[in-house]
Amino acid sequence: AAVLVKKLFLQGTMVTVNQDITYETAEEIALEFNFIVEPEVKIDVIEELLKEEEEDESKMVSRPPVICVMGHVDHGKTSLLDAIRKTHVTDKEAGGITQHIGAYVVSRGGQKITFLDTPGHEAFTSMRMRGANSTDIAILVVAADDGVMPQTVEAINHAKAAGIEIIVAVNKIDKPSANIERVKQELTEYELIAEDWGGSTIFVPVSAHTGEGIEQLLEMILLTAEMCELKANPKRTARGLVIEAELDKGKGPVATILVQKGTLRVGDPIAVGPCHGKVRAMVDDKGRRIKEAGPSTPVEILGLNDVPNAGEIFVVTENDKEARNFAETFISEGREKLLDDTKAKLSLDGLFSQ
Ligand code: GTP
Ligand code: MG
């Protein structure tokens, strides 16, 4: 760490040990130490490998909306989800800071809604990079006592870049220092104009603590989702996204994935970037073992040979051999692309040093 901090300092970037740096900076620094940063390159390759195929309109049925909860640190994203689920996830988090994405399905009046909690902003960045299709609606959480903060703006930019609807949840309205009008005023600068201010953005004042406004927020989500007419074909082979993955000492690689199309079943051969395997077991967001998962369902799967990256696309293949082939092609194409990129970088560097 000290070496990296020094290197960055010498290049004119002042950072401390636990500070985030941009992907580009990381890539540049890594190259100077002869390391190649891989994920970004892999995205191009996987997108090449996974060209969107036409969907048969007649087989499309409506699916639950996938909602991404975003906003500045400590503005109450996880608390809001807790209030929605009436559980207590924040109690179990180390220091109350979200370190991974939680994925939850909530049922309201027979309609399902899938929520993705995001830590700060990082995870959503990689999800956004893998295509705007990952989520349908963003809930922008802004604390009424704090107002618009840097990561609020970043979240807005991500949602806009992904082209998804934004619903603003003005949280912590139970606090004496809460100022809902100020939040509305501040957000006008980012083209999020409340209906009572003459705009068309839905603002819902809420309190994760008292539960005020929660029902209304859910109503607005379902209303917005209805207008989006979200559909998927549950009968095709499954594909979707890795939300998070880790190596469990007992279980091996464990990946939380979001099924976006088709239905994923236990026993399906699966390829995820450089990893492949067979779905050995599936567990839903409530910890129950399940045999199949349809569109918009987040599930934890076991059976991969390695830990995939968050944001990676998964596909179900004909058979095990195809899954292995897919992973191998991914690895070899990824390598070639890496080499090309490095060459381009090196020649550019050469240019500047002359
Ligand atoms: P990160 O995941 O770290 O980005 O934070 P977060 O946005 O998920 O915030 P979190 O839900 O962990 O809440 C942060 C703090 O705000 C906690 O101490 C909560 O108890 C408090 N908080 C959240 N919602 C409310 C609310 O509606 N009212 C009040 N008074 N406090 C709240
Ligand atoms: Mg959180």
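**Confidence, packing and exposure**

Author: We begin with confidence, given as pLDDT, the predictor's score for each residue from 0 to 100. The protein has an average pLDDT of 83, and 81% of its residues score at least 70. This is a predicted model, in which local features need pLDDT of at least 70 and side-chain atom pairs count only at pLDDT 80 or more, while totals for chains, interfaces and linings use all residues. Residues are numbered from 1 along each chain as its sequence is written, chains are lettered from A and ligands numbered from 1 in the order in which they are written, and side-chain values use heavy atoms, with hydrogens and water left out.

Reader: Over which residues does pLDDT stay under 50?

Author: One such stretch is residues 40-45, for which the model has 18 contacts beyond four places in sequence; a contact means heavy atoms within 4.5 Å. Another is residues 345-354, with two contacts of that kind.

Reader: How many helices and strands are there in the protein?

Author: The protein has 10 helices and 17 strands. Both are DSSP runs numbered from the N terminus: helices are H or I over at least four residues, strands are E over at least two. Among contacts between residues at least 6 apart in sequence, 70% join residues at least 24 apart.

Reader: How is a pair of packed helices described, and at what angle do α4 and α9 pack?

Author: Two packed helices are described by the angle between their axes and the distance between the axes. Here α4 (residues 77-85) and α9 (residues 214-228) pack at about 90°, and their axes are 10 Å apart. The axes are lines fitted to C-alpha atoms, for helices over the stretch in contact, and the angle runs from 0 to 180 degrees between N-to-C directions. The pair is therefore roughly perpendicular, a label for angles of 65 to 115 degrees.

Reader: Which residues meet there?

Author: From α4 come L80, A83 and I84; from α9 come I214, L217 and L218. This contact has six nonpolar residues, no polar and no charged ones. Nonpolar covers Ala, Val, Leu, Ile, Met, Phe, Trp, Tyr, Cys and Pro; charged covers Asp, Glu, Lys and Arg; the others, Gly among them, are polar.

Reader: Which residues of the largest nonpolar core touch the most other members?

Author: In soluble globular proteins, nonpolar side chains tend to be buried together. A nonpolar core is a set of buried Ala, Val, Leu, Ile, Met, Phe, Trp, Tyr and Cys residues joined through side-chain atoms within 4.5 Å. Buried means under 20% relative accessible area, exposed over 50% and partly exposed in between, with a 1.4 Å probe and protein chains only. The largest core has 27 residues, and L80, I84, F115, I139, I167, L217 and I221 touch the most other members. Helix α9 gives the most to this core, seven residues. Leaving out residues up to four places away in sequence, I221 touches I67, I113, F115, I137, I139 and I167.

Reader: Is K7 buried, exposed or partly exposed?

Author: K7 counts as partly exposed because its relative accessibility is 27%. K7 lies in helix α1 (residues 2-10). Beyond four places in sequence, K7 touches I29, E32 and F33.

Reader: And G287, buried or exposed?

Author: G287 is exposed, at 54% relative accessible area. The loop between β13 (275-283) and β14 (289-290) holds G287.

Conventions:
Angles under 35 degrees count as roughly parallel, over 145 as roughly antiparallel, 65 to 115 as roughly perpendicular and the rest as oblique.
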